[in-house]
Each structure stands twice: as structure tokens, then as C-alpha cells.
Amino acid sequence: MNKDTFIQDWMEGKITPEQLEELKSNPEYEGSIRELNQILKASSQLTPPKKKDKQQAWAELSDRITEGQSEKAAKVIKLNRFIKLAVAVTVILLLTVYLLLPSTTTFTTLPGEQLTYTLPNGTKVTLNAASSISFSASQWDTERKVDLTGEAYFDVTNGKPFTVATRAGNIEVLGTRFNAYHRSGTLRVSCFEGKVSVSSKSNNTVLRKGQMSEIKNNVLEDPKEFDVEKAAAWRTGEFYYENTPLTEVVYELERQFNVEININLNSKRHYTGYFSNKDLDEALKLVLLPMSLKYEKAGSTIEVK
């Protein structure tokens, strides 16, 4: 039973007295019952006009009620149309704002994956495993900035300077080749060609070919020489370490082979050596055996003892 047509249904005899009594206890029909009582009270005072009998009077009253409901329906239709129009305008506004806001392009590599991408100015960026870069292609001419997480090698074309931003510090570049490593709050930059400016929160330094620097705990180290042949050899799957914390080496093994290595890394042990990402067992032996550590493999999990 439709409560919106309750009065009309009652006048047309579609509602029995028994049903009416049951509906009186239904909260949903409270308003309709009240309206019916008002109609009954008003109708009891009606006197048939000349040339109209009681049946005609009731028909006239019924027509007026139906007419009122039609007006109400018309208002609802108009309101619904207004709501639809408001929704359409809102959608248009949201789309306009979305299109005007600078969109962000993000490139990400998975563990065990290395990929090369091209920036809007033609710069080639090679991402190491589990790394990402993001930038606004639509705003590149006004905001030439690349956000980096992980490790990437930049082969920069000549042109306007741009910035590589990390949480640890920033790199200002112009026509150069360099490697940037940003993990666990540390930023390590190695310059292979040209020069780059590296800045922390408090100071900055300029690196030239063959120089590297590191920001750790917000402290920028002075430039020092590095082995150009080994520093970015990861692009061919080779990783060289010189007195490097074992934690950093183990995390790189996990990224390159997409495995989980369970090892007690509380000690401050350091590693000097090499591994390749072509063979997991060989890499584990090269890193762990010289440090008198044994391991067992269980699927993608390695337990180190």
C-alpha cells in the first residue's frame, strides 16, 4: 500500500475499515491519517449545493484533492530537475578543477626490476629495483622538479636546470650524468660528468666529475673521490661495496631478488666485496660466507644463522 496515495485510495474504496484501523497504529501513516480526519471533519459540514447531490460533492472534493496532489508532484518534478542540474554543474566544476590542477606522473619499479624512462626534457632516468620518480609533466616548464625515492641514474640533456628532490636533500642539475641513492633517510650522489649541486637543510656543495657526497642525519659530507667504473655498475646487475654496513647490502639483496632475508642486523658489521643479481645462491655465498654466516632457503625466505 502506498502512503503517498492513501487518501485517494480511501476515497476510491480501495481501503477497508479493517485496514484503516490497522493503519492507525502504523507511524508511517500518521500524517496521512491526520489529513484524512481533517477531510472527514470538513466534509461533515458540507451541504450539497443546488442541482448537486452528495455524490457530486464528494466527486468535486476528490477532484480537488487529486489536483492538489498533482501540483505537489509537479513541484517534486521541478525539484528533481533542479537537483539533476545542480549535480551536472557540480560534476563540470570538479572536472574543470581536476583538469586545471597539475597532474603527477609516477614511474615505479618492483623488486628485481630495472627500467629506463624519459623526462619531458629528454633526460634518461634508469631506476634501480624498488624505486620511483614522480613529476608534473603539465607544469614542467614552470616547475622542473623530480621527486625520487630509491636509486636512479640520470643522463641529463643540455637545457634548463631542474631539481631532483628527496626528503634528505636536493640536487640541482644541468647537462650532466650522475647517480642518486636515497634510502633510509640517506642521500648519496655520485657525479659522472659535468657538475651537480647537492644541498641539505643547512648547507650545499658542488660535485664535479669523479666526486661524490652523502647527506646522512641532515649532515652534508665534504666531496670525495669514487670509483667511476663501480659506482653505478648496478645498471648491468653488478653491485660493489667498500666498507658498507651489512644492513644496506642485505636490503639490496632483498630488492634485487625479491626475497625476504631474516638476519640479526643488530651488529655494526661492514662488508667489502661484490655480488651480481643474476644468481641468488652465488650472491648469498659472496656476501654471507666471508662473514662466517650460513643460510637456509625456504621458498622466497632466507634464514641466516
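The following is a working chat about a predicted model of one protein chain.

Colleague: Before anything else, what kind of model is this, and how are residues numbered?

Modeller: This is a predicted model, in which local features need pLDDT of at least 70 and side-chain atom pairs count only at pLDDT 80 or more, while totals for chains, interfaces and linings use all residues. Residues are numbered from 1 along each chain as its sequence is written, and side-chain values use heavy atoms, with hydrogens and water left out.

Colleague: How many helices and strands does the chain have?

Modeller: The chain has 7 helices and 19 strands. Both are DSSP runs numbered from the N terminus, with helices being H or I of at least four residues and strands being E of at least two.

Colleague: And what share of the chain is buried?

Modeller: Buried residues make up 36% of the 305 residues in the chain. Buried means under 20% relative accessible area, exposed means over 50%, and partly exposed lies in between, with a 1.4 Å probe and protein chains only.

Colleague: Let us turn to the sheet with S16. What is the strand order?

Modeller: It is an open sheet of 3 strands in the order S16-S19-S18, with mixed pairing. Two strands pair if DSSP finds at least two bridges between them.

Colleague: Which strands stand at the edges?

Modeller: Strand S16 (260-262) and strand S18 (295-298) do; each has a single partner strand, so one side of each is left without a neighbour in the sheet. On average, neighbouring strands of this sheet are turned by 20° against each other, direction ignored. Axes here are lines fitted to C-alpha atoms, for helices over the stretch in contact, and angles run from 0 to 180 degrees between N-to-C directions.

Colleague: How many bridges join S16 to S19?

Modeller: S16 and strand S19 (residues 301-304) run parallel and are joined by 3 bridges. Asn262 has Glu303 in S19 as its bridge partner.

Colleague: Which helix packs on that sheet?

Modeller: Helix H7 (residues 280-288) does, touching S16, S18 and S19, and its direction makes about 155° with that of S18. Contact means heavy atoms within 4.5 Å.

Colleague: Now the largest nonpolar core. Which residues touch the most other members?

Modeller: Ile261 and Phe275 do, out of 28 residues in that core. Strand S15 (238-245), H6, strand S17 (270-276), H7 and S19 each supply at least two residues of this core. A nonpolar core is a set of buried Ala, Val, Leu, Ile, Met, Phe, Trp, Tyr and Cys residues joined through side-chain atoms within 4.5 Å.

Colleague: What does Ile261 touch, beyond residues up to four places away in sequence?

Modeller: Ile261 touches Val250, Leu253, Glu254, Leu284, Ile302 and Val304.

Colleague: Is H6 enclosed or open, and how many of its residues are buried?

Modeller: 10 of the 12 residues of H6 are buried, so H6 is largely enclosed by the rest of the structure. Just after H6, Asn258 takes a positive phi of about 55°.

Colleague: Where is Glu252, and is Glu252 buried or exposed?

Modeller: Glu252 is found in helix H6 (residues 246-257). At 2% relative accessibility, Glu252 counts as buried. The side chain of Glu252 makes a polar contact with the side chain of Gln256, at 2.8 Å. Not counting residues up to four places away in sequence, Glu252 touches several others, including Arg183, Tyr241 and Phe275.

Colleague: Last topic: where does Ser213 lie, and what is its relative accessible area?

Modeller: Ser213 is in strand S12 and is buried, with a relative accessible area of 1%. A polar atom of the Ser213 side chain lies 2.6 Å from the backbone oxygen of Glu221.

Definitions and conventions:
A polar contact is a pair of N or O atoms within 3.5 Å; within protein, one must be able to donate a hydrogen and the other to accept it, and residues adjacent in sequence count only if both atoms are side-chain atoms.
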